[in-house]
Amino acid sequence: KPVPRAQLRRTLAALAAPASGEPGSEAPRGETPPPQAAPQAPNWRVLLAEDNAVNQKLACKLLEKLGCRVDVAANGREALAMCQARTFDIVFMDCQMPEMDGYEATRVLRREESGRHTPVIALTANSMPGDREECLRAGMDAHLSKPIRPEELAAALAQWLPAPAKI
């Protein structure tokens with residue numbers, strides 16, 4: 001479940017790199033440049049439900065770099081309480097957490113949902129056959145495997161959230 005040390009170092013180094021267009025901001029040959037927030041960042045409100053502190057920190061940095069405001073819940077019960085207290089544009093939900101796992105938290109969230117559908121994206125170390133289907137049965141909209149990859153987070157935001165309005 002924890003992020004491999006080498007992956008964490010590469011991702012943190014990419015996050016610390018200068019912004020696009022500045023000298024030295026090019027990606028090394030053969031590597032994909034890290035995703036950048038749009039010039040007019042949408043400032044989406046994101047809930048990250050994740051019990052692992054390292055994964056929390058990594059996901060928060062990546063999401064913030066993509067223009068999101070991130071709130072963190074350490075378990076499913078906290079996630080539900082936060083969803084009842086405020087509206088989120090999207091929820092990234094770990095499946096295996098203490099107190100209440102992501103599957104049960106999503107089931108309860110869907111039962112209590114009225115009118116507005118909030119996308120819930122599973123973030124899980126489980127990548128066995130059938131894991132994706134279990135997430136969908138619980139009411140999650142999509143499934144991302146850990147370790148978290150910046151391009152997959154960016155793709156999930158692009159797929160499930162509206163593009164920012166152009167002026």
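Ala, Val, Leu, Ile, Met, Phe, Trp, Tyr, Cys and Pro count here as nonpolar, Asp, Glu, Lys and Arg as charged, and the others, Gly among them, as polar. By these classes, the lining of the second largest pocket holds five nonpolar, four polar and four charged residues. The structure is a predicted model, in which local features need pLDDT of at least 70, side-chain atom pairs count only at pLDDT 80 or more, and totals for chains, interfaces and linings use all residues. Residues are numbered from 1 along each chain as its sequence is written, and side-chain values use heavy atoms, with hydrogens and water left out.

The pLDDT is the predictor's confidence in each residue, from 0 to 100. Its average over the chain is 81, and 72% of the residues score at least 70. Residues 19-27 have a pLDDT below 50; beyond near neighbours in sequence, this stretch has nine contacts in the model (heavy atoms within 4.5 Å). Over residues 36-40 the pLDDT also stays under 50, with ten contacts beyond four places in sequence. Where pLDDT is low, the predicted coordinates should not be read in detail.

The chain has six helices and five strands. These elements are DSSP runs, numbered from the N terminus: helices are H or I with at least four residues, strands are E with at least two. Along the sequence they follow the pattern α-β-α-β-α-β-α-β-α-β-α. Of the contacts with a separation of 6 or more, 64% join residues 24 or more positions apart. The chain has 167 residues, of which 41% count as buried. Buried means under 20% relative accessible area, exposed over 50%, and partly exposed in between (1.4 Å probe, protein chains only). The accessible surface comes to about 9200 Å², and 52% of it belongs to carbon and sulfur atoms. Areas come from the Shrake-Rupley method with a 1.4 Å probe; for residues, only the protein chains shown count as cover.

Two or more lining residues come from each of α3 (76-85) and α4 (102-112). Helix α3 gives the largest share, three residues.

R110 lies in helix α4. It counts as buried because its relative accessibility is 18%. Not counting residues up to four places away in sequence, R110 touches H117, T118, P119, V120, G139 and D141. The C-alpha atoms of R110 and V120 are 9.7 Å apart, at a spacing of ten residues along the chain.

A59 sits in helix α2 (residues 53-65). A59 is buried, at 1% relative accessibility. Not counting residues up to four places away in sequence, A59 touches L48 and I148. Its C-alpha atom is separated by 9.9 Å from that of V72, 13 residues apart along the chain.

Two loop residues concern backbone geometry. A cis peptide bond joins K146 and P147, with omega about 5°. P147 is placed in the loop between β5 (142-145) and α6 (150-160). E99 lies in the loop between β3 (90-94) and α4. Its phi is near 70°, a positive value in a residue other than glycine. E99 is exposed, with a relative accessible area of 60%.
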